[in-house]
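Work through the exercises below with the sequence and the coordinates at hand. Each task is followed by a solution in steps.

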Amino acid sequence: NFDETAGTAYAEIYPLTVGSNVPNTYFISATGSPSGQLLFYAASGALSIYDSTNSTNSSGVLQANIAYKCASAWGGSAISVCKNGGTLGTGSFDGTMGTSVAAIRFGFAGGSTTQPDACIQNARIWKAQKSNAQLLAMTV
């Protein structure tokens, strides 16, 4: 069950490797054309959300061997993402997290068949956009 126009994603992520050798690692992604990344490791090292047009990052960078509670939300005109109750990243939403979404992928490195070097557990997806306050509360 996935809604391209509004929703929330949550996962507990434990990266084993980080750095320039693992950018664009999609912890949770929606496959389609184009596809959206609900939670991903950006080239900057930050936890991010990407709607196929816009992206926004959480504060700080992901570090290896640290457990993170991560959440993102999309809907209306906004996307947001945070980790471990830290500063929320917010940005503009283009209205869809992908078109003709065929599947949700867990653990995928963009542009290759390589899997991310991370543990992903307790993943959840809701068909409703949770508030920024709810995102922060669920990641503490």
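**Exercise 1. Find the residue that stands opposite G75, then describe the strands around that pair.**

Step 1. G75 faces A78 of β7. Residues are numbered from 1 along each chain as its sequence is written. The model is predicted, so local features need pLDDT of at least 70 and side-chain atom pairs pLDDT 80 or more, while totals for chains, interfaces and linings use all residues, and side-chain values use heavy atoms, without hydrogens and water.

Step 2. Strands β6 and β7 are antiparallel and share six bridges; strands count as paired when DSSP finds at least two bridges between them. Strands are DSSP runs of E with at least two residues, helices runs of H or I with at least four, and both are numbered from the N terminus.

Step 3. Two residues separate β6 from β7 in a hairpin, and G76 in the turn has a positive phi of about 60 degrees.

**Exercise 2. List the aromatic pairs and classify each one.**

Step 1. Rings of Phe, Tyr and Trp (its six-membered ring) pair if their centres lie within 6.5 Å; planes under 30 degrees apart are stacked, over 60 edge-to-face, and the rest tilted. By this rule there are two aromatic pairs.

Step 2. The ring centres of F2 and W74 are 5.9 Å apart and the planes meet at 40 degrees, so this pair is tilted. F2 belongs to the segment before β1 (7-15) and W74 to strand β6 (residues 68-75), so the pair ties together parts 72 residues apart in sequence. F2 and W74 are both buried.

Step 3. For Y26 and F40 the centres are 5.9 Å apart and the planes are at 75 degrees, so this pair is edge-to-face. Y26 in strand β2 (residues 25-31) and F40 in strand β3 (residues 36-41) are 14 residues apart. Both Y26 and F40 are buried.

Key:
Buried < 20%, exposed > 50% of the residue type's maximum accessible area, 1.4 Å probe, protein only.
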